[in-house]
Amino acid sequence: MPRLIITILFIFFVFNGNAKTIVVRADKANAIKNALAYCADGDTLTIEKGLYKEQDILVSKRITILGKDYPVIDGVKKGQLIVVVRDSVTISGLQLQNTGRSSMTDMAAIRLQNVKSVSVTNNKLVNNTYGVYLQNSHYCLVYKNTIKADAKDELNSGNGIHAWKSTHLLLQSNNISGHRDGIYFEFVTDSRIINNTSTENIRYGLHFMFSHKDVYTHNSFINNGSGVAVMYSKQVEMYYNTFRHNWGDASYAILLKEIADSKIEHNLFDKNTVGIYMEGTSRIQVLYNEFVENGWAMRVQSSCDNNVFEKNNFLSNSFDVATNGTMMLNTFNNNYWDKYDGYDLDKNKVGDVPYYPVSMYSVVTERVPTAMILYRSFLTDIMNRVEKVMPSIVPDKLKDDNPLMKSLKLR
Amino acid sequence: MKTIMKYVVADLIRNKVIVVYAIILAVLSFSVLSIDENPAKGLLSLLNVTLLFVPLISILFATIYYFNSIEFIELLLAQPVRRNKVLLAEYAGLTISLSLAYLLGVGLPVMIISPNLAAITLLMSGFLLTLIFTAIALLIFVLFKDKTKGIGAAIAAAMFFTLLFDGLLLIFIYSFNEYPIDKAVLGITAFNPVDLARILMLLQLDVAVLMGYSGALFKKFLGTGTGSVYVVVCMLFWVLLPLLLSVRVFRKKDL
């Protein structure tokens with residue numbers, strides 16, 4: 001009984017306005033670290049505008065850190081900046097820059113270590129190896145941060161938002177550019193990635209490994225070295241994302257490898273070398289997407305099975321679909337293909353003859369890449385026509401039996 | 001030279017064939033572009049028209065025209081004018097009319113319906129092809145004395161550049177597939193103006209897919225502006241070389 005009273009008293013003590021606000025100015029060395037020593041749980045630490053050259057600031061109390069007019073915390077290329085090891089910390093309004101670089105530890109501007117309910121909002125992260133690093137953390141929020149760097153190569157750089165072995169994260173409205181991977185997920189489940197923009201990263205805009213039951217919607221992935229890679233995951237949902245201008249010989253808007261039971265819907269794939277590349281994927285629904293002006297709209301390797309491609313628009317792609325074998329265990333149905341030249345006699349807006357999305361020349365160039373130089377010449381047109389009349393090298397099982405006559409209004 | 005050019009142009013317009021050529025191109029472009037809601041597709045059809053018919057019509061019409069105006073040329077040469085001036089004036093007059101017909105016939109509809117960079121590239125390649133094939137026709141004219149032989153040569157040349165060359169190139173690519181032939185293939189295409197025009201267009205429409213090939217040369221060459229510049233320079237050579245050659249031959253030709 002006395003113990004219970006003490007507990008109640010304790011709760012009363014904590015929540016009864018005993019929280020104080022501590023203001024930090026950039027007048028002394030280690031100002032933030034010193035101030036943190038005076039903080040108790042529930043306090044607010046307000047950091048005034050100024051330049052703070054501090055590293056490895058350990059936040060071990062349940063506090064709120066607020067920056068006023070974006071005070072700059074500069075790591076002068078040594079060490080990490082803020083390490084959070086306590087639950088329910090909020091970090092907001094700071095400019096964090098110049099972490100160190102090390103091959104032993106991943107140097108991050110903000111590292112969340114084994115915590116819950118931490119939020120990182122409205123910060124500017126400039127020129128760091130890793131931006132926000134979530135390590136075994138749960139129910140955390142990363143919101144409206146601008147994360148910028150100018151990574152030169154993959155070896156000496158880190159990821160914008162790096163999450164490892166975490167659950168229930170919400171990454172929203174962040175702007176990430178110039179890192180190795182814009183957003184990196186490894187063993188992260190039940191999380192949401194919403195409305196982020198990831199551009200000009202040297203490897204992937206989003207990199208996903210062993211991360212199940214995640215949703216990403218309304219994100220833009222533009223001009224990244226190799227687009228977006230989703231690997232070894234289940235039940236991933238991707239809606240309303242934009243994938244634009246991911247160019248290169250190993251560049252895919254989305255690379256799917258060993259993915260199962262996922263949904264890809266209402267996305268826009270615009271001007272990518274390859275729209276969707278699939279390898280060993282099963283039971284994925286690809287619906288209501290728009291593929292515009294891609295090199296290949298899709299590359300579906302024959303190791304994929306039971307995927308459904310329905311109600312998509314394929315417009316002005318050089319090649320619609322390419323594959324590497326003759327076996328095809330996936331369903332294409334009810335898509336609009338702008339290259340379809342069949343007819344619709346019963347006027348039900350569905351073509352009466354099937355469409356074969358793999359063109360002869362895409363098979364030829366698969367075998368002899370140099371032959372690409374003759375693409376769209378009169379000779380290759382003739383070859384394509386002949387192939388249509390007498391199919392011999394095009395995989396005949398890959399076809400859309402009910403191609404639409406009119407494109408769908410998707411956006 | 002200007003006066004002769006003026007006469008040639010006036011003669012060609014009175015001839016009406018050029019006007020009909022322009023009208024046919026215009027009707028074709030309008031219909032092709034408005035049939036499909038996707039103008040890029042229409043542009044592709046127009047590319048095929050440009051690559052196939054512009055060389056054929058330019059070279060045939062030009063050859064016939066040169067041979068038919070042989071009396072006019074002889075008459076002019078009786079006057080105190082220089083031979084190469086007469087020849088170049090004939091060429092210029094013909095080229096101006098043909099390319100005007102092309103630019104109006106295809107350019108007007110294209111610019112109205114889908115004005116973009118790809119469209120401009122298409123017009124540019126059609127224009128250059130007209131210049132090139134009238135120049136080749138001129139060369140044929142100065143090389144052959146007999147009109148029938150000349151027209152035969154023109155047909156052969158057009159067929160060679162539009163069809164045969166690509167066939168041979170494809171055979172070459174297939175047989176030497178195992179070797180690094182990227183550079184060689186790019187070099188070989190320079191010998192065919194039709195291919196050059198097509199590549200100029202590919203660089204506009206299909207860069208994404210061209211970037212998908214691992215050949216570093218392709219990527220470097222085609223990914224940047226260098227590719228387009230190289231192609232245009234090669235095509236300009238294709239205008240200049242036949243012209244210079246024909247002027248040289250014509251200077252010593254026994255008329």
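This is a predicted model: local features need pLDDT of at least 70, side-chain atom pairs count only at pLDDT 80 or more; totals for chains, interfaces and linings use all residues.
Me: Into which class, buried, exposed or partly exposed, does A:Ser88 fall?
Reply: Residues are numbered from 1 along each chain as its sequence is written, and chains are lettered from A and ligands numbered from 1 in the order in which they are written. A residue is buried if 20 or more other C-beta atoms, placed from the backbone, lie within 10 Å of its own, exposed if 12 or fewer, and partly exposed in between. A:Ser88 has 17 C-beta neighbours inside 10 Å, so its class is partly exposed.

Me: What is the phi of A:Ser88?
Reply: A:Ser88 sits in the loop between strands β7 (82–84) and β8 (90–92) of chain A; strands (E, at least two residues) and helices (H or I, at least four) are DSSP runs, numbered from the N terminus. The residue is not a glycine, yet its phi is positive, near 55°.

Me: Which class holds A:His168, buried, exposed or partly exposed?
Reply: A:His168 belongs to the loop between β16 (161–164) and β17 (170–172) of chain A, and has a positive phi of about 50° although it is not a glycine. Because 16 C-beta neighbours lie inside 10 Å, A:His168 counts as partly exposed.

Me: How much of chain A is buried?
Reply: Chain A has four helices and 39 strands. Of its 411 residues, the buried share is 45%.

Me: Which helix of chain A gives the most to the side that touches chain B?
Reply: Two residues are in contact if their C-beta atoms, placed from the backbone, lie within 7 Å. The contact between the chains takes 29 residues from chain A and 32 residues from chain B. Contributing three residues, the helix that gives the most to the side of chain A is α4 (residues 378–389).

Me: What ipTM does the predictor give the complex?
Reply: Chain B averages a pLDDT of 89, with 95% of the residues at 70 or above. For the complex, the predictor gives a pTM of 0.85 and an ipTM of 0.83.

Technical notes. pLDDT is the predictor's confidence in each residue, from 0 to 100.
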